[in-house]
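Please read them with the model open.

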Amino acid sequence: MQPHDPAFFMRNALESLYQHLGGESELKRIMRLFYERMAADVMLGFFFFGRDLHAIADRQSDFLLRAMGARSSYSGRPPAQAHEKLPPILPGHFDRRAVILSEVLRDQAIPPELAKAWLDFEAAFRDAVVTEQKP
Ligand code: HEM
């Protein structure tokens with residue numbers, strides 16, 4: 001990865017976020033909160049009915065920890081495959097998720113520039129996760 005590669009800047013920003021959090025347990029705590037809020041949300045809750053919320057949140061933490069450079073590998077499914085058996089995730093669902101994440105990060109007093117790193121990371125998976133509807 002070279003300094004002119006956008007992924008280089010994202011990795012640096014994610015490393016700064018990880019330093020700020022101070023370790024995996026704080027990341028996992030915030031991720032579980034994020035998933036609890038999504039599960040309680042009128043637009044997104046149905047995706048999570050009957051599912052093990054904390055297990056999904058922990059898997060997502062593992063995925064982010066690798067991107068942060070805190071883990072060398074991730075053994076779960078990549079985002080494009082993780083949602084294959086779910087109802088279609090539409091653009092509005094994806095946007096709603098971003099709003100909930102930004103609210104959680106604000107409530108947890110994560111500095112805005114570090115919150116942006118997490119939100120940018122999520123946004124990078126938009127095409128992999130969203131099912132675009134044909135007109
Ligand atoms: C509105 C958007 C999204 C919804 C509703 C959603 C929902 C879900 C649900 C219900 C699962 C559990 C699937 C299962 O147990 O079979 C899951 C797993 C997962 N999702 Fe998402 N997701 C969304 C966006 C994202 C994004 C943006 C990413 C990546 C940054 C992501 C990464 C993952 C990963 C890594 C897993 C775990 C895969 C595994 O268990 O092997 N998701 N998601």
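1. Two residues are in contact if their C-beta atoms, placed from the backbone, lie within 7 Å. Helices are DSSP runs (H or I, at least four residues), numbered from the N terminus. On those terms, A98, L101, S102, L105 and R106 in α5 meet A115, W118, L119 and E122 in α6. By class, this contact of α5 with α6 has 6 nonpolar, 1 polar and 2 charged residues. (Ala, Val, Leu, Ile, Met, Phe, Trp, Tyr, Cys and Pro count as nonpolar, Asp, Glu, Lys and Arg as charged, the others, Gly among them, as polar.)

2. This is a predicted model: local features need pLDDT of at least 70, side-chain atom pairs count only at pLDDT 80 or more, and totals for chains, interfaces and linings use all residues. Residues are numbered from 1 along each chain as its sequence is written.

3. Now the other contact of α5. I30, L33, F34, R37 and M38 of α2 touch R97, I100, L101 and V104 of α5. The classes here are 7 nonpolar, no polar and 2 charged residues.

Note on methods. Helices (H or I, at least four residues) and strands (E, at least two) are DSSP runs, numbered from the N terminus.
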